[in-house]
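Let's take a friendly tour of a protein model, one topic at a time. Have a look at the sequence and the fold before reading on.

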Amino acid sequence: MKLSKRQFFSLGSIGVAAFMFGCGKDATAKARFAVTLTDAEWKKRLSPAAYRVLRQEDTETPFTSPLNKEKRKGTFVCAGCNQRLFASNTKYDSGTGWPSFWQPLAGGVGTKTDYKIGLPRTEVHCARCGGHLGHVFNDGPKPTGKRYCMNGVAMKFVPG
């Protein structure tokens, strides 16, 4: 297949944009958060698994989080800074292996676009410390139609 100059440069500019926005640190890394610690302080505060997820945007293995089975009334908070993230009455079993919610608490989370897998996804992070929580998808239940698919290791449960 032969490309015209216009097609060639259009494809090239898409590739450059994907590289620039999909590699390295992005908007969250540059943002200012109320809770800001050094890398050493985060490592001291968090378990190794929580550090990998919250600070390095890793993903925990599905079906390994005890929070998948959490059914009590309460609040899910950030494991890094205790920011209130999700109410238990918005949690549901999505069958994905990660704790899932159809709505966050007001002001609890922020989002950004990430390109880690080559395609755009909406990454969810803690609004207070910027810690990576998971991703949000448009295949959830009513009333929002959203599936906030969170890493359990990035959260703690507070009964109540």
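## Helix α4 and what covers it

Ala 50, Tyr 51, Val 53 and Leu 54 are the buried residues to look for in α4; buried means under 20% relative accessible area, exposed means over 50%, and partly exposed lies in between, using a 1.4 Å probe and protein chains only. The cover over the buried residues of α4 includes α3 (39-45), β1 and β7. A quick note on where this comes from: the model is predicted, so local features need pLDDT of at least 70 and side-chain atom pairs count only at pLDDT 80 or more, while totals for chains, interfaces and linings use all residues. Residues are numbered from 1 along each chain as its sequence is written, and side-chain values use heavy atoms, with hydrogens and water left out.

**The whole chain**

- The protein chain has 4 helices and 9 strands; helices (H or I, at least four residues) and strands (E, at least two) are DSSP runs, numbered from the N terminus.
- Reading from the N terminus, the order of elements is α-α-α-α-β-β-β-β-β-β-β-β-β.
- Of the 160 residues in the protein chain, 39% are buried.
- Take the contacts between residues at least 6 apart in sequence: 55% of them join residues at least 24 apart, where contact means heavy atoms within 4.5 Å.

**The largest nonpolar core**

- In soluble globular proteins, nonpolar side chains tend to be buried together.
- Here, the largest nonpolar core holds 26 residues, and Leu 54, Phe 86, Leu 133, Met 150 and Met 155 touch the most other members; such a core is a set of buried Ala, Val, Leu, Ile, Met, Phe, Trp, Tyr and Cys residues joined through side-chain atoms within 4.5 Å.
- At least two residues of this core come from each of α4 (48-56), β1, β2 (84-87), β6 (121-126), β7 (132-137), β8 (147-150) and β9 (155-159).
- The biggest giver is α4, with 4 residues.

- An open sheet of 3 strands runs in the order β2-β1-β9, with antiparallel pairing; two strands pair if DSSP finds at least two bridges between them.
- The edges belong to β2 and β9, each with a single partner strand, so one side of each has no neighbour in the sheet.
- On average, neighbouring strands of this sheet are turned by 30° against each other, direction ignored; the axes are lines fitted to C-alpha atoms, for helices over the stretch in contact, and angles run from 0 to 180 degrees between N-to-C directions.
- The antiparallel strands β1 and β2 are joined by 3 bridges, and Phe 76 stands opposite Phe 86 in β2.

- β6 and β7 run antiparallel with 4 bridges between them, and Val 124 has Gly 134 in β7 as its bridge partner.
- These two strands, β6 and β7, form a hairpin with 5 residues between them, and Gly 130 in the turn has a positive phi of about 80°.
- β7 is also joined to β8 by 4 bridges, again antiparallel, with Arg 147 in β8 as the bridge partner of Phe 137.

**Two threonines to find**

- Thr 75 sits in strand β1 (residues 74-78) and is buried, with a relative accessible area of 14%.
- The side chain of Thr 75 makes a polar contact with the side chain of Arg 84 at 3.4 Å; a polar contact is a pair of N or O atoms within 3.5 Å, where within protein one must be able to donate a hydrogen and the other to accept it, and residues adjacent in sequence count only if both atoms are side-chain atoms.
- Not counting residues up to four places away in sequence, Thr 75 touches Arg 84, Phe 86, Leu 105, Lys 156, Phe 157 and Val 158.
- Thr 75 and Met 155 are 80 residues apart in sequence but 9.9 Å apart in space, C-alpha to C-alpha.
- Thr 90 is in the loop between β2 and β3 (91-92), and counts as buried at 6% relative accessibility.
- A polar atom of the Thr 90 side chain lies 2.8 Å from the backbone oxygen of Ala 87.
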